[in-house]
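Try each task yourself before you read its solution.

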Amino acid sequence: MEPQRQNSGYHGNQQSLRLRQASSPASNQNYPHFNWNSGPTEEDEVDGSETQRDLRALGLPLGLRRAVWQVQQMKIPVVSSSDSWKLKRAKTLRTIRTRGREVLSFLTLWKKTLQKIGGNFGGGVKSYFLFLRFLVVLNFFSFLLIGGFVLIPSIVLTSLDAQLVNNTEFWWQPELEECLEYDPNPQGLVRFYDYLLDLLSGTGFMESSVLFYGYYNVKQGSYNLPLAYLLTAVFYFAFCLICIIVRMGTAARVAVATGGGAVGNYSSIVFTGWDYGCLGDRATKLKQNNIRYQLKVDLEEERLKQQAAALTTTQRLLLYSLRVSMFFLALGFIAAALYGVAVATENSQGRSGDEGILGLIFEYLPSIAITAGNFVVPLLCDQIASVEKYPPTITIILALLRAVVLRLAGLIVLLSTLWSQITCHGHTTSGECQPCHYDHKNYPCWETRIGQEMYKLTLFDLLINLATLVLAEFPRRLLVDHWSNKLTQWVGRQEFVVPANVLGLVYGQTVVWTGALFCPLLPLINTVKFIVLFYCKKLTLFQNCRPAMKTFRSTTSNFFFLLVLVLGLSIATMVMIYSVAEIHPSMACGPFRFFPNIWSIVPNSLYSLSDVTQEFLFFIGSQAFSIPLFTLSCVVMCYIIALASVYGKSVALLRAQLKAEGKDKQFLVKQYEKLRQQLQIPEHSRGP
């Protein structure tokens, strides 16, 4: 028994392991021999570095050398209970983060579809669908915000049969009784035909539904619905702004990393562009096509830059003069379209009482004018852009700017015309506006009227996209594929024009932001609209479109798309501020019917709070708090700007070094070629 106990000890196990390894011929051939039984000695304790040098000479891997050295020194590390708990916690957190990323990746909308689009049509077209997916998610979460704080509480209060009360001690005067006259519900027998017209125009039974502002009246109870209505709209705009800024930061980092030019982007594609996780021939082919499109963009831009650098002074002057004249011509087209929108809006409001199909046409007359201008003017501007001869990326940005001015300015003209008629051209104390401070006769609930206009613009935009798909894009593809002649060959299949499609999204989202205060369910309608639009655009892209002949870089364009979206949000914010602060609320409908303006609910609610809360809020709004906060913000901003400047200079210096090294290499190659020709060295003898 004693020999067995000795063999079960630590050194006995090591000896048996050594004997088993020695019996393996493969082990004798592939690995060097060392003594596993060499325990710690005094010499090892005095000088441990000599043992490490001996292990380095064996040529073993680093992990195996460390294990051998620990065995020889008998210094296997012992982990305490607290360290073990920290290691387990870190491992658990890593596992949770990994699982969370996997779940988010699985729940990502249209991931495989976007990969397929990028592989077949390039990053520019893919950026449009990424932008569309971002807007779908943004509108959905915006609807959850509005539904949680406005829609559901209002439905609950209505189900409790709460009574309408006067919370502001407002005493009605006899001359104001006519301001309370408002009955949107249709009287008498209503035909099914009328229900369809009401659904399209937002009138009739739709006007008194939860869709529009007039439904949300002041209710008695502990829940302050007017304050919740206003603050939800404010937080909705703030939430959208934060989401856009976060996404802009991601796009800006990509643009800075590539330098916004072909050199940095080319290096990024060549050295870091390939995805080694691609499995299968299909995924590999899609990735190859995507990289090919990106390189095609860079090469095309470099070619145009070389052509521009080769122009003479006279040619440049002629080119610049041509561009200036084309700029004013495009501006004239835009001004004509805006004038048409103003005339259409005035005629539409003047014939708003007509019924039937004719009344529906007049209801949609502003939408028709805006859509017609958005269709015709960009076509004319595309012909102008072909004469201006800008690089592809600049052409895209310029087309976006012109379309932005056209679409957003058309929306501003529509709203300005409505406000002018609601406020009696600014004379709210005279004429038809005298008793109610707004034109109650034609606009008894003017907030709902604005919401109806935004609702019609959103619905009409979706109908136009569906009609274009069915009546124009599919017939064009059928004619091109099945009718071979010179005309169809010249027309060809259509290209997916990214600027026009992106501006359509920006315009639709700006309409939603503008009407969200007056039509709270508009974000939900826009979510459904964008989902339908995604599948329609995907269908027409793969079935009707060919790859674009003129490509562009998606890194800078993604940032510009978001910048245009911020511009649309700014316009919608100004519309909300003007409506909240300047125009008198409707006295016959809505949660603010007892207030001189919508913003009055905030100070009235503030004075109903406790004294401590009032003092705290007044302190936050005072100069004693705002001035130090502003100073601290300026200091932080200056630090961030200085840090960004330093990083920018470092990146520019590294780029300059890379260019200098490339020039040095070219110089050395040329010198070697000259030397080889002089010495007549054969080509095959050149070194690597």
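Axes are lines fitted to C-alpha atoms, for helices over the stretch in contact, and angles run from 0 to 180 degrees between N-to-C directions. Helices (H or I, at least four residues) and strands (E, at least two) are DSSP runs, numbered from the N terminus. This is a predicted model, in which local features need pLDDT of at least 70 and side-chain atom pairs count only at pLDDT 80 or more, while totals for chains, interfaces and linings use all residues. Residues are numbered from 1 along each chain as its sequence is written, and side-chain values use heavy atoms, with hydrogens and water left out.

**Exercise 1.** Find the angle at which helix α19 and helix α20 pack, and name their arrangement.

Step 1: Locate α19 at residues 498-515 and α20 at residues 522-544.
Step 2: Their axes are 10 Å apart, and the angle is about 165 degrees.
Step 3: Angles under 35 degrees count as roughly parallel, over 145 as roughly antiparallel, 65 to 115 as roughly perpendicular and the rest as oblique. So α19 is roughly antiparallel to α20.
Step 4: Look at the contact (heavy atoms within 4.5 Å). Residues of α19 including Leu505, Val511 and Val512 meet residues of α20 including Leu522, Phe530 and Leu533.
Step 5: Sort the contact of α19 with α20 by class: 7 nonpolar, 5 polar and 2 charged residues. Here Ala, Val, Leu, Ile, Met, Phe, Trp, Tyr, Cys and Pro count as nonpolar, Asp, Glu, Lys and Arg as charged, and the others, Gly among them, as polar.

**Exercise 2.** Work out how α15 and α9 are each oriented towards α17.

Step 1: Take α15 (residues 365-388) and α17 (residues 446-482), whose axes come within 9 Å and cross at roughly 50 degrees. α15 is therefore oblique to α17.
Step 2: On the α15 side, Pro366, Ser367, Ile368, Ile370 and Thr371 take part, meeting Glu453, Lys456, Leu457, Phe460 and Ile464 of α17. That contact of α15 with α17 divides into 6 nonpolar, 2 polar and 2 charged residues.
Step 3: Now take α9 (residues 192-201), whose axis comes within 8 Å of that of α17 and crosses at roughly 95 degrees. α9 is therefore roughly perpendicular to α17.
Step 4: Leu199, Leu200 and Ser201 of α9 make this contact with Gln452, Tyr455, Lys456 and Leu459 of α17. The residues of the contact of α9 with α17 divide into 4 nonpolar, 2 polar and 1 charged.

**Exercise 3.** Describe the surroundings of threonine 203.

Step 1: Leaving out residues up to four places away in sequence, threonine 203 touches Asp198 and Gln452.
Step 2: The side chains of threonine 203 and serine 201 are joined by a polar contact of 2.9 Å. Such a contact is a pair of N or O atoms within 3.5 Å; within protein, one must be able to donate a hydrogen and the other to accept it, and residues adjacent in sequence count only if both atoms are side-chain atoms.
Step 3: Threonine 448 lies 245 residues apart from threonine 203 along the chain, yet their C-alpha atoms are separated by 9.5 Å.
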